[in-house]
There are 2 protein chains.
Amino acid sequence: MSDGTIELVVVGSVGLDTIETPHESREDILGGSASFACAAASFFTRVGMVGVVGSDFPDPCSALFEAFRIDREGLQVEEGKTFRWSGVYEQNMDHRSTRSTDLNVFADFSPELPPSYCAAPFLFLANIGPGLQLHVLDQAEQARFVVADTMDLWIDVARDELTQVIRRVDMLTVNESEARHYTGRHNLVAAAADLLALGPKYVLIKKGEHGSILFSEQGTFVMPAFPLETVTDPTGAGDSFAGGFMGALASLGDVCEAGLRQSLVYGNILASFGVGAFSLEGFQALDRAGIEDRVGLFRSMIHVP
Amino acid sequence: MSDGTIELVVVGSVGLDTIETPHESREDILGGSASFACAAASFFTRVGMVGVVGSDFPDPCSALFEAFRIDREGLQVEEGKTFRWSGVYEQNMDHRSTRSTDLNVFADFSPELPPSYCAAPFLFLANIGPGLQLHVLDQAEQARFVVADTMDLWIDVARDELTQVIRRVDMLTVNESEARHYTGRHNLVAAAADLLALGPKYVLIKKGEHGSILFSEQGTFVMPAFPLETVTDPTGAGDSFAGGFMGALASLGDVCEAGLRQSLVYGNILASFGVGAFSLEGFQALDRAGIEDRVGLFRSMIHVP
């Protein structure tokens, strides 16, 4: 973060979420995959955000991005309303259902990388349509390490394009149900093998509160989640994880097995802070020392002498 | 295992299981919590089995116990039929339902420790009625480290006795749903805190394929499960885990934080072998070198440089 060079580009959604949990509800709070990923990454590296907001995007939200020193040259502002999502979490936060999705300006979004982003070595394609992800890949041929996320919807409606994305990225991140849905295999080891066979060097399967597993030809890295007594809002957990991971990896500058594992621990810990509050509030009072404290605690929790 | 001194006593059920899985079915195969726990423990220490079988108990099953060098002075043989359980695993092995439970000679079981067992330093009270577990505790006052398992049934029908058991043991092992059911708390960190408040030094919450978490006043140890591509029969996984853990701990002879964690890894690995085949077949071709190989692989899978 010593200069303005963009080390990591994040492409995804920026939106306003209305969220109901068993304990508390919030209306029109800052959300979207790019928001969570960029904020989490910002603790480690200089990150550029590619997305779109409407002319109604609240100034305090822009100010928050500024506070995180997120570069917003790639954030388009279009006449109209910002993307909105509304959802409700059931009793135990284990399941959520979507109440409404209003794409608004996101409906015509075409992600364009400013010239200063095209040389960034790290690229995170958060969950957007695989056609848009392919369009970004065409612009980011200099990226050294590209990670793509996706969701069930795209497996259903854009499977062929999604397969092209998987073939072209270095790492695919999916949750358990997505891995099963795409491959038709219930066992995650078998599902990961099918996904690796398509070409990516790494497949990260996310299991929420149960942790994650990184699969590659070189071996398997199994990481539990940081055990939390209170989860306030799980929205964006996967994006915070990916952002923290990519930010930490970009700050190392090199992609080796040790660096990947260390960076996944950072992703894990950023996600644990993210779900402790609504929107980006879990990151607002956080600093690098707070992150390192929890990383140290987590390392002691998984250590086998 | 250099001499005949019993280091670990296991009290539990010995039975004949009829099991249907989506791929294969088996009839009247050796099962029961004590069978799995004793076999897993036998790789590490001299174990004595306390349980009951009927006069119909098949000779090959007795021969198998002998092959594992399990001491059976505490195994009562009563006139009548052996305990039988029948269950079916659904599509993805995630859920099972019980078809029938015939207690037979187990209905009048009263666990009695032979004099040579009373001085054993390690005791595992596998899942039997908490009243019987209390009866064993009265006979095993010299035991240095006692672990008790339980099940939902006892939380419903014998909660007060179960609470007495929890107060008197060093470690309670429960699965996620049991921890939630007993405490009324969905969050496992909160549930474990409630259970620890009753008196045990350790609470181990088992999450099946998602691993386990050991809670204590000293801290938390989070361990993922060994990722398996094939699970043939999950029956007895928790007992294999507990048996492997207690056997390894007994072979160390000392209960320290490092030893607990190392022994939990052995439990984890024994469970992974156990679910790879029906009954005790996963242990029959296994030797200590095979265990150490997988322990080494597992350690490499969870290592963060």
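This briefing covers one helix of chain B and one strand of chain A, with the elements around them. The model is predicted. Helix α2 of chain B spans residues 59–67, and strand β12 of chain A spans residues 212–216.

**Helix α2 of chain B**

- The buried residues of α2(B) are B:C61, B:L64 and B:F65.
- Because these residues cover an arc of only 100° around the axis, they lie on the same side of α2(B).
- B:D59, B:P60 and B:A67 are exposed and sit on the face turned away from the buried side of α2(B).
- In chain B, the packing partners of the buried residues of α2(B) are β2 (15–20), β3 (25–31), α1 (33–41), β4 (47–54), β5 (75–78) and α10 (281–284).
- B:R69, which follows α2(B), has a positive phi near 55°.

**Burial of strand β12 of chain A**

- In β12(A), 5 of the 5 residues are buried, so the strand is largely enclosed by the rest of the structure.
- A:S212, A:L214 and A:S216 point one way from β12(A), while A:I213 and A:F215 point the other way; all are buried.

**Pairing of β12(A) with its neighbours**

- Strand β11 of chain A (residues 202–206) runs antiparallel to β12(A), and 5 bridges join them.
- A:Y202 has A:S216 of β12(A) as its bridge partner.
- The hairpin formed by β11(A) and β12(A) has 5 residues between the strands, and A:G208 in the turn has a positive phi of about 60°.
- Strand β13 of chain A (residues 219–223) also pairs with β12(A) in the antiparallel sense, over 5 bridges.
- Opposite A:F215 stands A:T220 of β13(A).
- β12(A) and β13(A) form a hairpin with 2 residues between them.

Definitions and conventions: Residues are numbered from 1 along each chain as its sequence is written. Chains are lettered from A and ligands numbered from 1 in the order in which they are written. This is a predicted model: local features need pLDDT of at least 70, side-chain atom pairs count only at pLDDT 80 or more; totals for chains, interfaces and linings use all residues. Side-chain values use heavy atoms; hydrogens and water are left out. Buried means under 20% relative accessible area, exposed over 50%, partly exposed in between (1.4 Å probe, protein chains only). Helices (H or I, at least four residues) and strands (E, at least two) are DSSP runs, numbered from the N terminus. The arc is that of the directions from the helix axis to the C-beta atoms. Contact means heavy atoms within 4.5 Å. Two strands pair if DSSP finds at least two bridges between them.
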